[in-house]
Every structure is written in C-alpha cells, then in structure tokens.
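Me: I would like to learn how to read the features of a structure such as this one, taking one topic at a time. Could you show me the general idea and then the case at hand?

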Amino acid sequence: MYVKRNGQSYYTNRHSCFLLQYHIVLVTKYRHPVIEGAVRLSLYSKIRDLFKERGLNILELNGEADHVHILFEADPMTSPGELVNVLKTQTSRFVRKFYGETVLRKWYWKPYFWSDSYFVTTVSENSLNNVREYIRNQGIR
C-alpha cells in the first residue's frame, strides 16, 4: 500500500518514494462517436472501478464522443502498456455486453470498441495543472 504522508506530494512505503503520473488517451475504433449518454456514464464508472481495484488514483477523467482522457497516479509496479491493455479489454467487453445490440449496433457489427492504438505520456509536476485543465475542458465548445 502506498500513501502520501504529512502533505507530501510523493508516495512512500517502506522501500520507495515516488510520484508517477500518466496521461492516457483511448480512441474508439474508426473514431465513431459512441461515448455519449448511458454509454459514457457506464464506461466512466467501469474505468473508475478498474483503477480502484488496482489501487490507482484517477486525477481527471473526461473526453468526447470518440475518445477518453485519463490522468492518473500509479505505483512503480504498474506498466502503462499493460494497464491500457486491461482497460481496453475489460471496458470493451463491458460496454458491448450492455450496449452492443442497441446503441453500438449502428457502428460496430464486429466485436470492436477501441482502436488498436493509444496515447500515453508521463506528466511532470510542472505540466500537471495544464494537462488537468485540458482534460477538464474536453467536450466544452
């Protein structure tokens, strides 16, 4: 278990001190605008649950109809690539189970939801607030 102590900005445990922050962007297959309404609410809830299960702290979660941004803090044992694979697999199965025959049917007749690609970058203490604001402002026009 990792904790921030006494107002520290870094996590500590018995053997390490760290602050690992990542920004991930997942894009729907063919950039179809399907992350809206109930799909959006369910998808975001599932993402939050997956991060909570892994003990990861989401700082911001937002996006538009064709993509999702996740800003989060991770521990040193978390591989961003593996996390993306788990996220895409589990959320795709989840939304297709509940919306595959309704909302998603127009766009996906094969077992797709996410694009094969993704974006991931580290975020520094200096850029954290800029990235946070960028994600918060997604979907606002």
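Me: How many bridges join β4 to β7, and do the two strands run parallel or antiparallel?

Reply: Please keep in mind that this is a predicted model. Strands are read as partners when at least two bridges are found between them, and here β4 and β7 are joined by six bridges and run antiparallel. Within that pairing, Val25 stands opposite Phe119 in β7.

Me: Which strand is joined to β4 by eight bridges?

Reply: That strand is β6 (residues 67-74), which runs antiparallel to β4 (residues 20-28).

Me: What is the order of the strands in the open sheet of four, and which of them are the edge strands?

Reply: The order is β5-β6-β4-β7, with antiparallel pairing. The edge strands are β5 (57-64) and β7 (114-122), each of which pairs on one side only. On average, neighbouring strands of this sheet are turned by 15° against each other, when direction is ignored.

Me: Which helices pack on this sheet, and which strands do they touch?

Reply: Helix α1 (residues 37-53) packs on the sheet and touches β5, β6 and β7, its direction making about 160° with that of β5. Helix α2 (residues 80-99) also packs on the sheet, touching β4, β6 and β7, and its direction makes about 140° with that of β7.

Me: Why can β4 be called largely enclosed by the rest of the structure?

Reply: The reasoning rests on a cut-off, since a residue is called buried when its relative accessible area is under 20%. Eight of the nine residues of β4 are buried, and therefore this strand is largely enclosed by the rest of the structure.

Me: How should I think about the side chains along a strand?

Reply: In a regular strand the side chains alternate between the two faces of the sheet.

Me: Is His69 buried or exposed, and what does its side chain contact?

Reply: His69 has a relative accessible area of 4%, and because the cut-off is under 20%, this residue is buried. Its side chain makes a polar contact with the side chain of Gln138, at 3.2 Å. Leaving aside residues up to four places away in sequence, His69 touches several others, among them His23, Val25, Leu61 and Tyr134.

Me: Where is Thr78 found, and is Thr78 buried or exposed?

Reply: Thr78 lies in the loop between β6 and α2, and with a relative accessible area of 13% this residue is buried. When residues up to four places away in sequence are not counted, Thr78 touches Leu56 and Leu83.

Me: Which residues form one aromatic cluster, and over which rings does Lys29 lie?

Reply: The structure holds seven aromatic pairs, and Tyr22, Phe51 and Phe72 form one aromatic cluster. The charged end of Lys29 sits over the ring of Tyr30, 5.5 Å from its centre, and Lys29 also lies over the face of Tyr112, at 4.8 Å from the ring centre.

Me: What is the order of the strands in the open sheet of three?

Reply: The order is β1-β2-β3, again with antiparallel pairing. Because β1 (3-4) and β3 (17-18) stand at the edges with a single partner strand each, one side of each is left without a neighbour in the sheet. β1 pairs with strand β2 (residues 11-12) over two bridges in the antiparallel sense, and Val3 has Thr12 of β2 as its bridge partner.

Terms used
Residues are numbered from 1 along each chain as its sequence is written. This is a predicted model: local features need pLDDT of at least 70, side-chain atom pairs count only at pLDDT 80 or more; totals for chains, interfaces and linings use all residues. Side-chain values use heavy atoms; hydrogens and water are left out. Axes are lines fitted to C-alpha atoms, for helices over the stretch in contact, and angles run from 0 to 180 degrees between N-to-C directions. Contact means heavy atoms within 4.5 Å. Buried means under 20% relative accessible area, exposed over 50%, partly exposed in between (1.4 Å probe, protein chains only). Rings of Phe, Tyr and Trp (its six-membered ring) pair if their centres lie within 6.5 Å; planes under 30 degrees apart count as stacked, over 60 as edge-to-face and the rest as tilted. A charge sits over a ring if NZ of Lys or CZ of Arg is within 6 Å of the ring centre and within 35 degrees of the ring normal. A polar contact is a pair of N or O atoms within 3.5 Å; within protein, one must be able to donate a hydrogen and the other to accept it, and residues adjacent in sequence count only if both atoms are side-chain atoms.
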